[in-house]
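Subject: Structure handover

Hello,

Here is the structure we talked about. Please open it alongside this note, which goes through what was found.

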Amino acid sequence: MKAGFVGIFGKPNAGKSTLLNALLGEKLAIVSPKVQTTRHRIKGFLNKPNEYQIVFSDTPGIIEAKYKLHEKMMAAVKSALEDADVALLLVDVADDWAENDALFESLHLKVPTIIVLNKIDKVSNEVLQNAVHFFEQKKYAQKVIAIAALQQTNTVKLLDAIVDYLPEGEPFYPEDELSDLPTRFFVGELIREKVYTLFEEEIPYQVAVMVNEFKEKETLIKIQADIIVNRDSQKSIIIGHQGSKIKAIGTLARKDIEAFLGRKVFLELFVKVRPKWRDNELYLKEFGYY
Ligand code: GDP
Ligand code: K
Ligand code: MG
């Protein structure tokens, strides 16, 4: 039997979270067209009994830290880099290749490494061939695979290559589990995702979500969560005219949470102001950023 840790790394928006979800066949990580959507290391397990257990880690996009929150995010990347038995270096093939190459080189990986050219639907065949040629020269990787995570093109081929590089070993986690993170975490993330969906510009980066109550009742699950912002003005934006925006967040989030839990959900949302929470060690801990 094979078992090991596989880290997914890359620049913001390369499609890391989309790839994790595609490989697991389950929406575990939230996705958006905006950078810095993923803030945690999200572990997802893929089990094929008696054959393999892959512990995937989705990670935040690698950036220069400007807030304490960013430092926590980069610490999450570092822990996944340290644990990895196999590394996937994900690049948006329509992005600057040399820039991605410099980033990958700087990681100094010492484990089997696959460069994954993602979003092949965005470029011509000729551009793709040039990209493959460019990345095949790189000494820090053993293999280059071209995929489209969104359309799930070549993701099975990628999975086969991962399993090839996976070390022999026994499962690290129970084989009926999908993640080591609690259900509350995923509920909070689905709410946060709606803020990325519904608001432009800076707002999503000012927001954290804290799930305070998660009560299983007979016919439904009652969930109460706070949407945390930095300033009063942001609170008004999140609430919207006559509460229209917060209502929209609630409606979209409830649908996704119900799909995730397979249960009916009653969702109650409040907005709270916590000035400069992104630079405050105590708030960051309270909101789940360790
Ligand atoms: P992350 O920041 O690396 O986790 O990237 P996400 O998974 O959040 O994806 C960023 C954006 O790229 C989202 O809008 C995705 O829908 C999009 N995306 C991901 N994979 C593909 C792909 O194969 N093709 C295209 N066209 N878009 C993709
Ligand atoms: K993103
Ligand atoms: Mg992500």
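A word on UniProt first: annotations there may be inferred rather than shown by experiment. With that in mind, the record, an unreviewed entry, gives "domain: Era-type G" for residues 2–168. Please also note that this is a predicted model.

The annotated stretch

Over residues 2–168 the chain is 35% helix and 24% strand. The end C-alpha atoms of that stretch are 4 Å apart.

Start with strand S1, residues 2–10. S1 is mostly covered, with eight of its nine residues buried. S1 runs parallel to strand S3 (residues 52–58), and seven bridges join the two. Within this pairing, Ile8 stands opposite Asp58 of S3. S1 also pairs with strand S4 (residues 86–92), again in the parallel sense, over five bridges. There, Gly10 has Leu90 as its bridge partner in S4.

Most residues other than glycine have a negative phi. Two residues here go the other way. His108 is not a glycine, yet its phi is positive, at about 50 degrees. His108 sits in the loop between helix H3 (97–106) and strand S5 (113–118). Lys119 is not a glycine either, and its phi is positive at about 65 degrees. Lys119 lies in the loop between S5 and helix H4 (125–136).

Are these residues buried or exposed? His108 counts as exposed, because it has 8 C-beta neighbours inside 10 Å and the cut-off for exposed is 12 or fewer.

S7 pairs with strand S8 (residues 221–229) in the antiparallel sense, over eight bridges. One pair to look at: Val211 has Ala225 in S8 as its bridge partner.

Best wishes

Technical notes: Residues numbered from 1 in each chain as written. Chains lettered and ligands numbered in written order. Predicted model: local features only at pLDDT ≥ 70, side-chain atom pairs only at ≥ 80, totals over all residues. Buried ≥ 20, exposed ≤ 12 C-beta atoms within 10 Å, placed from the backbone. Pairing = 2+ DSSP bridges.
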